[in-house]
Structure formats: C-alpha cells, structure tokens
Amino acid sequence: MLYKLQRKTLIPSQIVGYALTLLVGMSVVMLAVQAFVDLKPLLTQQTDVFKAHTVTVSKNVTLFKTANKEGIYFNDKELDKIREQEFVKDVALFNSATFNTSAAISFGGQRMGTDMFFESVPDSYIDVQSDDWHWDSTSDFLPIIIPEDYLNLYNFGFAESQSLPVISEAMLSQVSFNIYVEGNGKRRVYNSRIVGLSSKINSILVPDAFLRWANKEYGSANEKHCSRILVEFTDATHEEIPSFFELNGLNINKSELESSKLAFFFKLAMFFVMAIALVIIALSVSFIVLSFNLIVHKNRNLFVNLYNIGYAERQIARFYRMVISGLTVVVLLLAALVALWVRGLYASRLSMVFSSVPSATTIWVTAVVAIIALPVLYSFLIGNTIRKTLNN
C-alpha cells in the first residue's frame, strides 16, 4: 500500500529527463577519461613528439650583439634563472674548444684537409649509443659524433647536385682520418672516426673528458664563455615554455616547441570536454534533487499522515531511495556501454599507431566510482529532506 501511494507521486517526465541528462554526461566523462588514458602514450611514452626531452638553447642574435659578442654568452645569473623554472629539470653547458683543430684524410695518393671546431656536452646527454665513445689521456683514438643533418645535406643536396655517390651511416663510420690539435706551442695527431650521428645536437662533438683535458693542454682553460646550453625539461608539454623563452630573448628550434603547443591544446580540449560533461552531470543531479523536493512539497500532507499512522522516516524514504538509486545504477551501466561502443570505433586505429593499446579499465573504474558515490549522495539528501519535512 505504501509503495502504491508513493508511486503516484512520481512525475515520469522528470525521471526520464534525469536519466537522459545523466546518461549523456556520464558517457562523455567516461569516454573523455578513457581517451586521455588511451592517448597518454602519445604524450609520454611511444613517441618523441610529446616526450620530455632536452633542447639546445641560445640567445637571439641582434644588431647590438653583432657589435658586442659578449651579449651572446650566458652568465651565471641567466643560467640560475633558467634552472629555477618549474618545467626545467637540469641545464648543461656546451664546452667549446679553445685551440686550433683540423682534419685530414689521404685518398688516392692525395691529402685533403679542413679546419674544424669541436664542442662537448656531458655524456648523459649524448643520444648516440657507441662502444667507442670514450677517451683517456693515453688514447690516440678520438671518436667524433656529427649531426645527422650533415649527412642528409650531403646525400640529398651536395651529392645530388655533383653526381656523387651517396654515403650510408655504416659506410661513414668506417672512414678513418687524422685530427690535428695544436696550441700553447704543442701539437698532436689523433686517429679519428665518426662513431655516430646525433639527431638532437647540431654540433661536432668529442668526448667531454677529452675537450676538458685538451683545453688545459692546448688552449685556455680559463675561458668559460658559453653561448649554447642544453635544457632538460621535466615536462616538455608545459604551457609556459614558449612564453618564457620568447620573453627572455632565448632562441630554440620552433619545432622543439610544437610538442608543448600541441599538448597544451590537447589538454585544453580535454578540459573543456570534461567541464561541459561535469556541468551536464551537475545539472542532472540538481534536476532530480529539485524534482524530489517538489514531490515532497506537493505531497507533504501525505508524508505527514504516513508518519502519524506509524511509518518511520526510513520506511518513507526507502521507496525514493530505491527508485532514484536503482535508476542511477542502470543509467551508469548504460553510459559505460555507450562509452565502450564509442571507444571501439577508434581503438582499432590506435592499435595501428601503438604497439599496445590500454584496456578499457578506466571506463569501468569511473562507472564503479559513480555507482557508489551518487546513490550514497541521493540516500543522504532524500533522508535529510524527508526528516526536515516531517519535523516541521
């Protein structure tokens, strides 16, 4: 009898409206959270596009700096400012040779030579794996790393225009030549070979241990001018990175910042989608709560009479708790199925990009959390409303 009386107090259109808005809102939330998990490898693991990485930074060259070269060098204050940024993990300095260097190779009875320059960075920043990348003071072999772009320029530019054969990386690594270093009245010849190509550092690199020793032996170890630095990011997608470098007159390869820009817009889009979905959910919850308050207000006399004839507050509230919570659980399960169906439309494409695609666990975790949280919330609100109505 109690349930029959209470069933007549329900307004079907309000129940349907609540179910539809909750279905839409939760479907979007589940799908957005799952999509973020699915695409997270794109941001952090599977590709260098969004990966936290190290970039080469220098100062912008202006007309004033061409007249006063000191302006292109970093001082301690500027380096400390960069290190203090929350998105910067570490800063490493380029070490430049302060002595004369040249390279020579004998080919077909002829000797060809050219002047060179060397730089070095800490070995932890080298992106080439080679067993030959080491040096000590007793070694006559000096390994060298050159930029990958150098070989590409030769193969696809110079060699093409001069009808010369192209050179592979493996072939290049087999070519031996001599390196001549001189300064402070001293001179020494090293056997050398290119042991790898760097895709990140645009410079001719030698081991850091060699260059530090050679600067003392053949050059001026007191000169500590640094015009280029390596900045390692904790998060290369941080939205403040582009503005920081621009405002401080620092030059960075624009392609290096595309990751932060793309990731920023991706996160921004995800934020707006989540915000809209949460607004829809909030409206649906507010809608059902206001609808229930309207039901209680319109049927106050019925509830008071039921209470007076012996029905407890818990018994009066039970029906509404069962209806609203039960409907909520059903809708949340439907929302999970909708999110799974939509995810299935793009999951096959993700498998073509990534070696492994995350499972749909996030959708079910979100559904379970909502299934627990919303009924608990409704149970409290319904009980509180009934109690106030009967006590007034």
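Let's start with Thr362, which is found in helix 12. This is a predicted model, so everything below is read from computed coordinates. Is Thr362 buried or exposed? Its relative accessible area is 18%, and because the cut-off for buried is under 20%, Thr362 counts as buried. Setting aside neighbours within four places in sequence, Thr362 touches Val33, Gln34 and Val37.

**Helix 12 and helix 10**

Staying with helix 12, which spans residues 361-391, we can look at how it packs with helix 10, residues 300-308. Two packed helices are described by the angle between their axes and the distance between the axes. Here the angle is about 80° and the axes are 10 Å apart. That makes helix 10 roughly perpendicular to helix 12, because angles of 65 to 115 degrees fall in that class.

Which residues make the contact? On the helix 10 side you'll find Arg300, Phe303, Val304 and Tyr307. They meet Ile386, Thr389 and Leu390 of helix 12. Sorted by class, this contact has five nonpolar residues, one polar and one charged.

**Empty space inside**

Rolling a probe the size of a water molecule over the atoms shows where empty space is left. For this model, the count comes to two cavities of 30 Å³ or more.

| Space | Volume | Lining by class |
|---|---|---|
| Largest cavity | about 80 Å³ | nine nonpolar, two polar, no charged residues |
| Second largest cavity | about 40 Å³ | four nonpolar, two polar, one charged residues |
| Largest pocket | about 1,100 Å³ | 23 nonpolar, two polar, one charged residues |

Take the largest cavity first. Its lining is made of Leu10, Ile11, Gln14, Ile15, Ile288, Ser291, Phe292, Ile295, Tyr320, Val323 and Ile324. The elements giving two or more residues to this lining are helix 2 (12-44), helix 9 (254-298) and helix 11 (313-353). Helix 9 has the largest share, with four residues. No charged residues take part in the lining of this cavity.

The second largest cavity is lined by Thr54, Val55, Thr56, Tyr125, Lys200, Ile201 and Leu230. Which element gives the most to that lining? Strand 1, residues 54-59, does, with three residues. The lining has one charged residue, and Lys200 is on the list of lining residues.

Now for the largest pocket. How many residues line it? There are 26, and those nearest the centre of the pocket are Ile105, Ile167, Leu172, Val175 and Ile194. Several elements each supply at least two lining residues: strand 4 (100-107), strand 5 (110-116), strand 7 (141-147), helix 5 (148-162) and helix 6 (169-172). Strand 5 has the largest share, with five residues. By class, the pocket lining is 23 nonpolar, two polar and one charged.

**A loop residue with positive phi**

Where does Asn184 sit? It is in the loop between strand 8 (176-183) and strand 9 (186-198). Asn184 isn't a glycine, yet it has a positive phi of about 55°. Its relative accessibility is 52%, so Asn184 counts as exposed, the cut-off being over 50%.

Technical notes. Residues numbered from 1 in each chain as written. Predicted model: local features only at pLDDT ≥ 70, side-chain atom pairs only at ≥ 80, totals over all residues. Heavy atoms only, no water. Axes fitted to C-alpha atoms, helices over the stretch in contact; angles between N-to-C directions. Parallel < 35°, antiparallel > 145°, perpendicular 65-115°, else oblique. Contact = heavy atoms within 4.5 Å. Nonpolar A, V, L, I, M, F, W, Y, C, P; charged D, E, K, R; others polar. 1 Å grid on protein atoms, 1.4 Å probe; cavity = no way out; pocket = protein on both sides within 12 Å on 5 of 7 lines; lining within 4 Å. Points joined across faces, edges and corners; volume = space filled by probe spheres on them. Buried < 20%, exposed > 50% of the residue type's maximum accessible area, 1.4 Å probe, protein only.
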